[in-house]
Amino acid sequence: MEEDSSRSPVVAGVSQVSFLQRTLERLSSTQSLKLSAEDEAPVAVIALQRYLSEHSDEQQQELHNYTYDVTVTDGAWRAKCFVHPCLNHLVLANTLRTGADVSVTQCSFVYNERRLGHGYICIEKLRCGAETSVVLPRVNDVSSLPMLIKHGMEGSVLLHSDVPLQVSRKHYLSLWNNDDPEGDVWTSGSSSSDTVLDVSKITLLSSLESCFRSTWKPLPLLVKIIHKSRLRYYGKFGLKIDYPYQAYFEVADQSGTMSLVLWNELCPEFYQRLNVGTVLYLQNYTLKQSYSNRSRPQMDHHRLKTFNSIEICLNPRNPASVITVVSPKSVLPQWGLPEVAYLFTPRSELEKLVNNSACDVICLVTFVGRVERVKSKGNKGPEKYWTYRWVHAMDGTSHHPFILEIFSSSQPEIFNCICPMTYLVCTQMRVCQVEGSSPYLTSSCETETFITGYHKSKPYVSDPRVKSFIQWTKTLKDNVVLQKTAVGGHYCFPRPPKIFTQSATDASAHVSLVAAADLKKELKTLQYREHKQLAIQGQITAVRYMRTPKTTASQGTQETGVPDVSTDVCLPDTHHHSAAEQTLCPTSLSAEKISGSGRKRRVQTRKVTQASSDCDGAASKRRAGLEKPGPRREQEENNSNSESEEDQDVEHSLQLQNPNQDSDVLSWESSSWPRQRREVSEHLRHGGLFQDSISQRFTFDAKIVLLQRSNLQPTHWTPEQNADTIPPMACPGYYQVTILGINKQIAVDAAFFPIVSADEPRAVGLPQDPHGNTMLSCLSSGFLCPLSVTTSHGDSALPKPEEILATAGELEETHVVCILDLCHLGGDEVEVLLNKVYRVTEVSLS
């Protein structure tokens with residue numbers, strides 16, 4: 001093992017021979033090492049890195065499309081290890097994540113048989129620990145810890161550098177999408193040339209079409225970048241290209257505009273150095289026919305001729321293109337390069353724009369939603385995800401904010417730092433006009449975003465609209481604007497239409513109506529921060545109002561890994577724990593009881609047993625309305641369990657759904673639900689509300705922590721800030737709604753928390769037709785009527801939960817279509833929110 005006395009770590013409380021050292025020494029004499037409880041010691045995950053797998057497992061392709069390297073530390077050493085593919089599901093659920101401790105229970109050492117001096121530790125089984133690491137607080141600087149390497153392999157660059165352990169891959173991908181540059185291979189900063197250029201023999205873009213397919217070698221080009229697209233990764237299994245990237249630019253000279261394509265390893269070298277306004281001197285480029293099936297920026301406002309038949313290709317070889325980035329001070333006016341033009345649109349004129357037209361905006365951010373993921377459509381390679389977030393921002397021209405759906409634009413340093421009170425510029429946004437709702441803007445492939453700190457020297461700073469916006473911001477007071485800010489929480493826009501339409505010809509244009517069994521599958525396959533919106537039909541059989549608890553439960557542990565028998569299928573033997581620590585759903589168990597049962601996974605899908613029927617039968621006596629159970633009744637219900645483990649699991653699940661004994665319970669259930677409950681085969685219990693579901697007021701003191709919570713789990717661990725300054729969430733409670741599938745075989749719980757104030761981000765753009773505040777009208781509209789601007793969620797003008805539940809009788813035997821928002825929040829936390837309920841009179845077939 002590599003031991004450098006000059007870098008010997010000094011860490012309080014760590015023995016001279018660390019856990020990682022001892023483990024590596026033992027691996028030299030055995031193929032696979034199983035660690036007993038006495039041998040185990042926690043190690044902290046400080047990096048989790050993803051790359052395309054070498055081989056695809058057809059049976060579990062989605063799990064094995066990508067491979068992960070994990071860097072762990074025991075406080076004295078760092079070790080870069082390979083994550084066995086059987087553990088991939090832990091990464092996809094964000095259970096195995098940076099900043100948390102794990103206990104390695106089985107590992108092996110794998111030698112590369114095709115390369116001398118290369119091998120690595122493969123983690124085959126592990127157990128995930130508590131939320132808070134016990135290892136990392138002991139380390140002052142993680143990067144200063146020495147890397148643990150087996151003796152004889154000290155020269156292995158892969159173990160030291162930012163390169164995958166699987167030698168066939170040369171670079172890492174971003175952990176949660178394929179659009180963002182990731183790792184040291186990406187050159188940043190501006191490296192421009194001050195050399196004198198010979199521009200006497202250049203050619204114009206207008207001349208290139210005539211020399212296409214000819215033997216004449218094109219002369220150099222002198223062009224300016226006027227648009228930049230996000231990166232496109234096209235890697236797939238069997239593709240023998242080390243850096244399968246592509247990026248489009250629109251370049252212009254005095255004769256017009258043309259597309260330029262940057263290929264493969266030129267992307268890591270140049271993509272972050274080529275920006276809008278950059279002047280390029282290009283040699284050894286090639287021409288090819290334009291790819292027609294791609295999006296293009298709208299450039300009519302540039303008033304330049306566009307050449308769309310061919311595009312310029314810059315390749316790393318055959319021939320190797322020569323790219324010279326010209327220094328801004330070396331650009332001469334006589335070159336005749338056009339100025340970059342923008343099309344800034346004020347919020348007051350947004351309604352006038354036609355659907356899918358492009359515009360640029362500058363605005364002051366007031367709300368930033370959490371980052372979510374959605375599966376990309378039409379992707380033929382390995383499954384990939386787009387990441388996006390919702391933003392509200394004002395520009396002073398209207399009382400209504402811009403509603404922006406911002407997708408990752410290969411600018412992670414900006415995308416992850418969008419926060420309230422920052423000046424935001426978004427270019428090439430596309431207008432989405434929605435019937436019955438406010439218009440919103442969504443990203444295009446050519447969208448770029450810039451926030452405070454990134455505006456310097458950008459071409460738009462001299463635009464009159466930008467100057468006007470800056471003047472408006474000088475009239476604002478920070479403390480006034482801060483009162484209208486928010487970060488994170490569930491947000492979905494636009495609201496579903498008044499009429500639910502199912503089209504037999506174009507199902508992709510509407511929310512998918514799925515069977516209850518399909519909903520179960522969707523919940524099971526959901527990945528971390530993946531958002532889906534689905535519809536199911538059935539009837540609402542029970543509603544319970546759940547008050548926000550005052551205390552939370554402790555975190556459990558879970559274990560998973562490779563089966564001991566090599567012939568077995570690699571499936572997890574995971575025992576998950578309750579998500580009670582983060583959920584806002586009250587629990588009737590004390591913290592001690594929950595901690596003691598933490599190693600037993602909470603039953604999300606339960607088989608109906610006699611024990612649960614007895615509990616449900618007791619609860620059904622309160623179905624007529626708002627009877628509050630007494631202590632004896634609660635105790636009887638909580639103790640109604642059998643001796644079998646299955647019945648104990650069911651009872652444990654029921655207890656987790658019950659309220660605290662010191663809180664009031666308001667509930668309603670249909671007269672037929674006690675009988676139907678005994679007949680259903682499964683009850684999907686995902687009806688809790690989580691901390692990540694509720695937006696929080698933004699403060700500058702809590703900025704870093706709020707951004708960390710609303711962003712995706714990072715690839716590399718960084719010390720977290722103190723969260724004591726985060727303002728408390730304003731959510732007194734929510735409704736847990738039980739939906740019975742139309743065939744009465746499967747039931748599902750969903751949380752419904754109506755909008756109660758016009759100050760909430762979810763109220764922006766909400767159709768606010770008056771309604772009677774019945775249970776059904778609230779479920780249909782999503783809000784309590786009337787909404788008013790108030791900082792208090794206890795407005796006496798709004799109906800109380802007991803008043804709303806008193807009207808729930810109209811749900812009896814009512815056939816409805818329910819729109820559900822699903823989002824995996826990490827670990828065991830799966831958010832199932834009821835977005836809207838349609839009666840059959842509000843459903844249309846086309």
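**Figure 1. Lining of the second largest cavity in the predicted model.** The lining residues of the second largest cavity divide into 11 nonpolar, three polar and three charged. Here Ala, Val, Leu, Ile, Met, Phe, Trp, Tyr, Cys and Pro count as nonpolar, Asp, Glu, Lys and Arg as charged, and the others, Gly among them, as polar. This is a predicted model, in which local features need pLDDT of at least 70 and side-chain atom pairs count only at pLDDT 80 or more, while totals for chains, interfaces and linings use all residues. Residues are numbered from 1 along each chain as its sequence is written, and side-chain values use heavy atoms, with hydrogens and water left out. A cavity is a set of points, on a 1 Å grid over the protein atoms alone, where a 1.4 Å probe fits but cannot get out; lining residues have an atom within 4 Å of a point. Of the 17 residues lining the second largest cavity, His490, Arg495, Ile755, Arg762 and Asn835 are the closest to its centre. Strands E31 (746-752) and E33 (829-839) each supply at least two lining residues, and the largest share, three residues, comes from E33. Helices (H or I, at least four residues) and strands (E, at least two) are DSSP runs, numbered from the N terminus.

Figure 2. Strand E32 (residues 816-826) pairs with E33 in the antiparallel sense over 10 bridges; two strands pair if DSSP finds at least two bridges between them. Leu822 stands opposite Val832 of E33. The hairpin has two residues between the strands, and Gly827 takes a positive phi near 65° there. Of the 11 residues of E33, 10 are buried. Buried means under 20% relative accessible area, exposed over 50%, and partly exposed in between (1.4 Å probe, protein chains only).

**Figure 3. The largest nonpolar core and the contacts of Leu424.** A nonpolar core is a set of buried Ala, Val, Leu, Ile, Met, Phe, Trp, Tyr and Cys residues joined through side-chain atoms within 4.5 Å. The largest core has 118 residues, of which Leu208, Leu262, Ile312, Leu404 and Leu424 touch the most other members. Strand E15 (residues 358-368) gives the most to this core, with seven residues. Not counting residues up to four places away in sequence, Leu424 touches Val361, Ile362, Cys363, Val365, Val391, Leu404, Ile406, Ile418, Thr449, Phe450 and Ile451; contact means heavy atoms within 4.5 Å.

Figure 4. Gln428 is located in strand E19 and counts as buried because its relative accessible area is 2%. Leaving aside neighbours within four places in sequence, Gln428 is in contact with His227, Pro297, Gln298, His301, Ala358, Cys359, Asp360, Ser444, Glu446 and Thr447. From Gln428 to Glu446 the C-alpha to C-alpha distance is 6.2 Å, with 18 residues separating them in sequence.

Figure 5. Most residues other than glycine have a negative phi, and most peptide bonds are trans. A cis peptide bond joins Asn318 and Pro319, with omega about -5°. Pro319 is placed in the loop between strands E13 (306-314) and E14 (322-326). The bond from Cys785 to Pro786 is also cis, with omega near 0°, and Pro786 is in the loop between helices H17 (775-781) and H18 (801-805). Phi of Arg303 is near 55°; Arg303 is in the loop between strand E12 (286-289) and E13. Arg303 counts as exposed because its relative accessibility is 73%. Met421 has a phi near 75° and is in the loop between helix H7 (412-415) and strand E19 (423-432). With a relative accessibility of 15%, Met421 counts as buried.

**Figure 6. Packing of helix H1.** The buried residues of H1 (residues 19-27) are Phe19, Leu20, Gln21, Thr23, Leu24 and Leu27. These residues pack against strands E1 (32-34), E2 (43-52), E3 (66-73), E4 (78-83), E5 (101-111) and E6 (119-128).

How values were computed
On a 1 Å grid over the protein atoms alone, a cavity is a set of points where a 1.4 Å probe fits but cannot get out, and a pocket is an open set with protein on both sides within 12 Å along at least five of seven lines; lining residues have an atom within 4 Å of a point.
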